[in-house]
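This briefing concerns helix packing and aromatic pairs. Please consult the sequence and structure shown below.

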Amino acid sequence: DWQDHSDSFQDVLYHKAEGIAKITINRPQVRNAFRPLTVKEMQQALADARFDENIGVIILTGQGDLAFCSGGDQRVRGDSGYKDDQGVHHLNVLDLQKDIRSCPKPVIAMIAGYAIGGGHVLHLICDLSIAAENARFGQTGPKVGSFDGGFGASYMASVVGQKKAREIWFLCRQYNAQEALDMGLVNTVVPLEQLEQETVAWCRQILEHSPIALRMLKSAFNAGTDGQAGIQELAGNSTMLFYMTEEGQEGRNAYLEKRKPDFGKFRRQP
Ligand code: 1HA
């Protein structure tokens, strides 16, 4: 039973239940295309889920059966980005992508209908993707005068391979759920009416497992593709674990007690 936390939001719905947070893009009239406000609210919801100690896994999805997300709202695309209400141009979905990747909790894309353009990249960078049989995937950038040469290109190539990634971007074709499964773009395909039930079952299985093990694994998977930022994340987790040890705490305590730290009492691990 989802509890509604959407109050402060206009473009997204935000729900929580049993350790699961669900962020839903709620613009079905435009196939859940995002404008800067949509992205900002998704970032806010994601931050809430990240800092809520009761939440262990996050679902990203789109309202209705027709689309997960169709990318940037072309109606508000200005000459250097997507316009907000003040007329400022943004490409702030790139920040959301980084937030999803650096979120220490697993983020699962739950996809019914279209995941297209910038909406396709969003599902791509989620840790897992669960698709309904009616899901359709693809990039449109070169068709509409856009491209995502960041995660959208390099991370895609690491998921589906160089040839397939170039095909997806150069030809701008659409792929059905089975094709997406065959190329490793999604984890499983289920009948539309079972989509949420199956996604929640995957979440529950994840929730049974060690949060720190999951956190370390996510940052370890990221480290390989995210360069210095990936190493920073992995190293940050090492620091967190070190802070949790007596040895780490001896350094802090000695400083606060204005004495010399006694690290000699700790084993020198082989
Ligand atoms: O590449 C980037 C970025 C790169 C770097 C940094 C930042 C980036 C940020 C964003 C993006 C992009 O996302 S570029 C790619 C933008 N998206 C698209 O090119 C997809 C456009 N939409 C479609 O291809 C199709 O609508 C669809 C395959 C998703 C669905 O087709 P369908 O079911 O036939 O519905 P359709 O009739 O086309 O759409 C329903 C309504 O939704 C239409 O409005 P209506 O005529 O009823 O008033 C349609 O215009 C609207 N709509 C759909 N997608 C968008 C949209 N309106 C604005 N923006 C959209 N993306």
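**Helix packing and aromatic pairs**

Helices α2 and α3 are roughly parallel to each other (an angle under 35 degrees). The model is predicted: local features need pLDDT of at least 70 and side-chain atom pairs pLDDT 80 or more, while totals for chains, interfaces and linings use all residues. Residues are numbered from 1 along each chain as its sequence is written, and side-chain values use heavy atoms, without hydrogens and water.

**α2 with α3**
- The axes of α2 (residues 93-102) and α3 (residues 118-125) lie 10 Å apart, at an angle of about 15°.
- Their crossing is right-handed, that is, the near helix is turned clockwise from the far one by less than a right angle.
- In α2, V93, L96, Q97, I100 and R101 meet V121, L122 and I125 of α3, contact meaning heavy atoms within 4.5 Å.
- This contact of α2 with α3 comprises six nonpolar, one polar and one charged residues.

**α2 with α9**
- Helix α9 (residues 211-243) and α2 have axes that come within 10 Å and cross at roughly 130°.
- I100, R101 and S102 of α2 meet K218, N222, T225, D226 and E233 of α9.
- By class, the contact of α2 with α9 has one nonpolar, three polar and four charged residues.

**Aromatic pairs**
- The whole structure holds two aromatic pairs (ring centres within 6.5 Å).
- F9 and Y14 pair edge-to-face (planes over 60 degrees apart), with centres 6.2 Å apart and 75° between the planes.
- Both F9 and Y14 are buried (under 20% relative accessible area).

Terms used:
Axes fitted to C-alpha atoms, helices over the stretch in contact; angles between N-to-C directions. Helix = DSSP H or I, 4+ residues; strand = E, 2+ residues; numbered from the N terminus. Parallel < 35°, antiparallel > 145°, perpendicular 65-115°, else oblique. Nonpolar A, V, L, I, M, F, W, Y, C, P; charged D, E, K, R; others polar. Phe/Tyr/Trp six-rings, centres within 6.5 Å; stacked < 30°, edge-to-face > 60°. Buried < 20%, exposed > 50% of the residue type's maximum accessible area, 1.4 Å probe, protein only.
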